[in-house]
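User: I have a model open and would like to go through some of its local features with you. Could we begin with the side-chain contacts and then move on to other topics?

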Amino acid sequence: MAEVVVIGGGIAGIQAALDLANHGVRVHLVEKEPAIGGHMAQLDKTFPTNDCSMCILSPKMVEVERHPGIVLHTCTEVTGIEGEVGTFTVHLRRHPRYVDEERCNGCGDCTTVCPVEVYNRFDAGIGVRKAIYRPMPQAVPNVTIRDREHCIDCGLCYEACGRDAVLHDDEDREEEFDLTAASVVVTTGYATFDPARKRNLRYLQVPDVVTSLQFERMINASGPTGGEVRRLSNGAVPRSVAFLQCVGSRDMQADRPYCSCVCCMAAMKNAMLIKEHHPDVEVTILYMDVRAYGKGYEEYFNRAEAMGVRFLRGLPGEIAQTDGGLEMQVENTETGAVELLKPDLVVLSVGMEPQAGMEEIAGRLGITLEETGFVHTRDEKMNTVATIRPGIYVAGTAAAPKDIPDSVAMAGAAAMRAYTDVLKAGI
């Protein structure tokens, strides 16, 4: 039977790969990062049920690794594609990990002895990692990776590894190879808006102004603060927290005219988590419009209000730093009153944007993008997973901002379209 290539190992790619493999199709899951999981792996809880994110995701990640019908390619990217539906040739490049995947058992001895600490992208910059590390505690595959850029080649990791799994620079090189596939599913995910572009918000200028993704890592039990809400300036528990919505969404000046779909609900979720941890902390959500449109979302909004979360309709012109801390002047557009807020911690609800390098990826695949930079689909009503190139499908946030349930549903639809191509190729 013909095979399928799924590009991107987030929740949408994982779901598409599992759906196809469970229909007897051999799937190649390609992920450029050293582990699968995507953004969902960074989250603490999911709305509107407040279920543990990794409790949902981790079993699926393990199933992908163990499934006999799925071949996992990490540290790998697609460099091009040729052919047509039924007989695609997909060109790939595997980047070196500098760790033998067969020998490494993820024990972490090499990480313990490494003296180098650098910016941890998985913790959104509020934590650090070593120069040889596992991307996250529940990493799949459970294998470390040596960061050649920051490694000082001290040799400690070679000595610490009892399985001789750590490789020298000349023992692992880039490798190019090809795969043949009946169809391709694109699930490359999203990036988050960089709020440093909006200098009035003082992001990176003031330590107590953080992004929603940084806050997710902060409140996560596996994060750098052990799940405790802290001010980055002094490590103290904040007495008041303000969530600022639509940062990089519905913003014509920032060239982001679209709604990012999840920000309102994510802010409510995190506000409720603060109230659960610290009931005395004042939590305010500053918004343009609350978009709670999904099943159970309105009830979730009511629950947040009942817990004492304040919703203030209005956005500040800027965040000011004073001797006393942070100040924001906000007009309540429902009452016309101007209020002066002095939160200890400000969380910027950053919107979704296309993955970095999406234009290059689209060029390699021969598909087109919307003006927003997301993948263009054939028909927004009747053919939501097909691209302009037959046999190449898209799912999840590669197509548009979506929440997790919508991404999973779209992944299932794309998988079944790919499955029909496999059946036709076998006829």
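**Working through the model**

Analyst: The side chain of Asp251 comes within 3.2 Å of the backbone nitrogen of Ala254. Please note that this is a predicted model.

User: Which side chain does the side chain of Asp251 make a polar contact with?

Analyst: The partner is the side chain of Lys198, at 2.7 Å.

User: Which residues is Asp251 in contact with, leaving aside neighbours within four places in sequence?

Analyst: They are Lys198, Arg256 and Pro257.

User: And where does Asp251 lie? Is Asp251 buried or exposed?

Analyst: Asp251 belongs to the loop between β16 (240-247) and α6 (263-277). Its relative accessible area is 10%, so Asp251 counts as buried, the limit being under 20%.

User: What about Arg250, what is its phi?

Analyst: Arg250 has a phi near 50°, which is positive although the residue is not glycine. Most residues other than glycine have a negative phi. Arg250 also sits in the loop between β16 and α6. With a relative accessible area of 25%, Arg250 is partly exposed.

User: Changing topic: which peptide bonds are cis?

Analyst: The bond from Phe47 to Pro48 is cis, with omega near 0°. Another cis peptide bond joins Val140 and Pro141, where omega is about 0°. Most peptide bonds are trans.

User: Where are the two prolines found?

Analyst: Pro48 is in the loop between β3 (45-46) and β4 (51-52). Pro141 has its place in the loop between β10 (132-133) and β11 (145-146).

User: Now the open sheet of five strands. What is the strand order?

Analyst: The order is β5-β2-β1-β13-β24, and the pairing is parallel.

User: Which strands stand at the edges, and why is one side of each left without a neighbour?

Analyst: The edge strands are β5 (70-73) and β24 (392-394). Each has a single partner strand, so one side of each has no neighbour in the sheet. On average, neighbouring strands of this sheet are turned by 20° against each other, with direction ignored.

User: Over how many bridges do β1 and β2 pair?

Analyst: Strand β1 (residues 3-7) and strand β2 (residues 26-30) pair over five bridges, in the parallel sense. Val5 stands opposite His28 in β2.

User: Next, Gln15. Where is it found, and what does it touch?

Analyst: Gln15 is in helix α1 (residues 11-21). Not counting residues up to four places away in sequence, Gln15 touches Lys60, Val408 and Ala411. Gln15 has a relative accessible area of 11% and is therefore buried.

User: Finally, how much space lies in the second largest pocket?

Analyst: The second largest pocket holds about 330 Å³ of space. It is lined by 17 residues, of which Thr111, Asn120, Val128, Arg129 and Arg134 are the closest to its centre.

User: Which strand gives the largest share of that lining?

Analyst: Strand β9 (residues 128-130) does, with three residues of the lining of the second largest pocket.

Definitions and conventions
Residues are numbered from 1 along each chain as its sequence is written. This is a predicted model: local features need pLDDT of at least 70, side-chain atom pairs count only at pLDDT 80 or more; totals for chains, interfaces and linings use all residues. Side-chain values use heavy atoms; hydrogens and water are left out. Helices (H or I, at least four residues) and strands (E, at least two) are DSSP runs, numbered from the N terminus. Buried means under 20% relative accessible area, exposed over 50%, partly exposed in between (1.4 Å probe, protein chains only). Contact means heavy atoms within 4.5 Å. A polar contact is a pair of N or O atoms within 3.5 Å; within protein, one must be able to donate a hydrogen and the other to accept it, and residues adjacent in sequence count only if both atoms are side-chain atoms. Two strands pair if DSSP finds at least two bridges between them. Axes are lines fitted to C-alpha atoms, for helices over the stretch in contact, and angles run from 0 to 180 degrees between N-to-C directions. On a 1 Å grid over the protein atoms alone, a cavity is a set of points where a 1.4 Å probe fits but cannot get out, and a pocket is an open set with protein on both sides within 12 Å along at least five of seven lines; lining residues have an atom within 4 Å of a point. Grid points are joined across faces, edges and corners, and a volume is the space filled by probe spheres set on the points.
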